[in-house]
Amino acid sequence: MYSNNLIGILKAFSTKEMTRYVEFAGSPYFNKHKKIKQLIEYLRGIYPNFNEKNCHREQIWQTLEPNKPFNKAQLAIIFTYATRLLEDFLTQEQFKTNPDLHNILLLEHLRQKRQYKHYERILKQQLKNLDKQSHRDSNFYNLNFLMAMEKDQYYAQSEGYKKDLSIQEKQQHLDNFYLSEKLRDACEMAVRTKIFKVAYDQRLIQVLIKEIELHFEHYNKVPPILVYSHIYKMVMEGDEKVYFQTTDLVNQNEAAFPLEELRTIYNYFQHFCIEKINI
């Protein structure tokens with residue numbers, strides 16, 4: 001029981017997370033099972049000092065059912081439900097970190113309930129929030145794609161296919177998201193191919209590169225497509241001129257990327273330099 005999945009995750013919890021999980025488990029909306037609440041309260045009482053003694057099956061059972069003989073199968077069921085509740089809690093916690101996705105799902109629900117006045121108010125505010133975002137990474141275009149898709153469904157449902165550009169916006173954002181992700185993965189695959197000698201199937205990448213070259217004026221305005229297409233060319237060709245062009249582009253577009261992604265981008269430059277040194 002000491003190595004149980006539930007206990008293993010709780011070991012990694014901060015004090016704040018443990019408190020919130022207990023509160024979550026205590027809410028009748030999420031959990032109506034008394035024994036699960038008792039189990040979680042017991043685990044909170046011994047947190048963070050989980051050990052073989054206080055996590056022993058018989059010890060936990062005695063706390064939950066002091067007047068009944070030990071029942072391994074019944075205890076396993078209680079732990080299973082507590083683990084599922086923990087998974088729901090983790091999902092809720094992660095969901096709270098993504099307010100944009102939260103609002104898209106809210107819009108979907110309002111549309112299904114035909115609450116159009118409230119829908120349009122939320123939609124207007126969400127579009128403003130997206131426009132204010134400083135990052136213009138692939139996630140930005142994905143969120144815009146999801147928003148445009150929801151808008152298109154709204155107009156089809158409420159206005160009977162009146163003249164609206166949501167479907168065009170949907171396709172543009174989908175293209176930008178798709179190309180951004182494909183190029184980012186292509187860069188990583190190209191580097192891993194050199195390091196680990198792994199052969200990846202990239203049948204579409206040359207078609208995508210050609211598409212970008214043919215419509216460069218459009219894609220030049222999409223930072224992840226612009227940057228990753230140059231990084232891919234830098235990695236594949238090993239040309240120092242392309243290296244300096246790419247570093248300049250990254251410097252000009254740093255604000256478009258979150259810090260973690262910038263670290264990855266600069267790792268590509270570091271790998272390029274190491275490769276040149278080792279020649």
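This is a dialogue on how terms are applied to one predicted model.

Student: What makes up the secondary structure of the chain?

Tutor: The chain has 14 helices and zero strands. Read along the sequence, the pattern is α-α-α-α-α-α-α-α-α-α-α-α-α-α.

Student: How much of the chain counts as buried, and how much area does the chain expose?

Tutor: Of the 279 residues, 38% count as buried. The chain exposes about 17200 Å². Carbon and sulfur atoms supply 52% of that area.

Student: What share of the contacts comes from residues 24 or more positions apart?

Tutor: They account for 62% of the contacts with a separation of 6 or more.

Student: How do you know that glutamate 93 and arginine 20 form a salt bridge?

Tutor: Check the distance. The closest N and O atoms are 2.9 Å apart. The cut-off is 4 Å. The pair therefore qualifies as a salt bridge.

Student: What makes this pair a tie between separate parts?

Tutor: Look at the helices. Glutamate 93 lies in helix 5 (residues 72–96) and arginine 20 in helix 2 (residues 15–26). They are 73 residues apart in sequence, so the pair ties those parts together.

Student: Are glutamate 93 and arginine 20 buried or partly exposed?

Tutor: Glutamate 93 has a relative accessible area of 23%. Arginine 20 has 28%. Buried means under 20%, and exposed means over 50%. Both residues therefore count as partly exposed.

Student: Which residues are linked with Arg20 in a network of salt bridges?

Tutor: Glu93 and Lys96 are linked with Arg20 in that network. A search of the whole structure finds twelve salt bridges.

Student: Why does the pair of arginine 184 and glutamate 261 count as a salt bridge?

Tutor: The N to O distance is 3.5 Å. That falls within 4 Å, so the pair counts. Arginine 184 is in helix 9 (residues 166–196), and glutamate 261 is in helix 14 (residues 259–277). The two are 77 residues apart.

Student: Which side of the 20% cut-off does each of these two take?

Tutor: Arginine 184, at 26%, is partly exposed. Glutamate 261, at 9%, counts as buried.

Student: What separates glutamate 188 from arginine 192?

Tutor: They are four residues apart in helix 9, so about one helical turn separates them. Glutamate 188 is partly exposed at 25%. Arginine 192 is partly exposed at 38%.

Student: Why is arginine 111 called buried?

Tutor: Its relative accessibility is 8%. Buried means under 20%, so arginine 111 counts as buried. It lies in helix 6 (residues 99–112). Not counting residues up to four places away in sequence, arginine 111 touches Tyr116, Tyr119, Glu150, Gln153, Tyr154 and Gln157.

Student: Which members of the largest nonpolar core touch the most other members?

Tutor: Of its 31 residues, they are Tyr228, Ile231, Met234 and Ile265. Helix 12 gives the largest share of this core, seven residues. Leaving aside neighbours within four places in sequence, isoleucine 265 is in contact with Val227, Tyr228, Ile231, Val250 and Phe257. Apart from this core lies another, of 28 residues, among them Tyr47, Phe79, Leu85 and Leu86.

Student: Which residues make the nonpolar surface patch of about 360 Å²?

Tutor: Ile195, Phe196, Val198 and Tyr200 make it.

Key: Residues numbered from 1 in each chain as written. Predicted model: local features only at pLDDT ≥ 70, side-chain atom pairs only at ≥ 80, totals over all residues. Heavy atoms only, no water. Salt bridge = Lys/Arg side-chain N within 4 Å of Asp/Glu carboxyl O. Buried < 20%, exposed > 50% of the residue type's maximum accessible area, 1.4 Å probe, protein only. Core = buried A, V, L, I, M, F, W, Y, C linked by side-chain atoms within 4.5 Å. Contact = heavy atoms within 4.5 Å. Patch = residues over 30% accessible without salt bridge, like charges linked within 9 Å, V, L, I, M, F, W, Y side chains within 5 Å. Areas by Shrake-Rupley, 256 points an atom, 1.4 Å probe, with all protein chains shown as cover.
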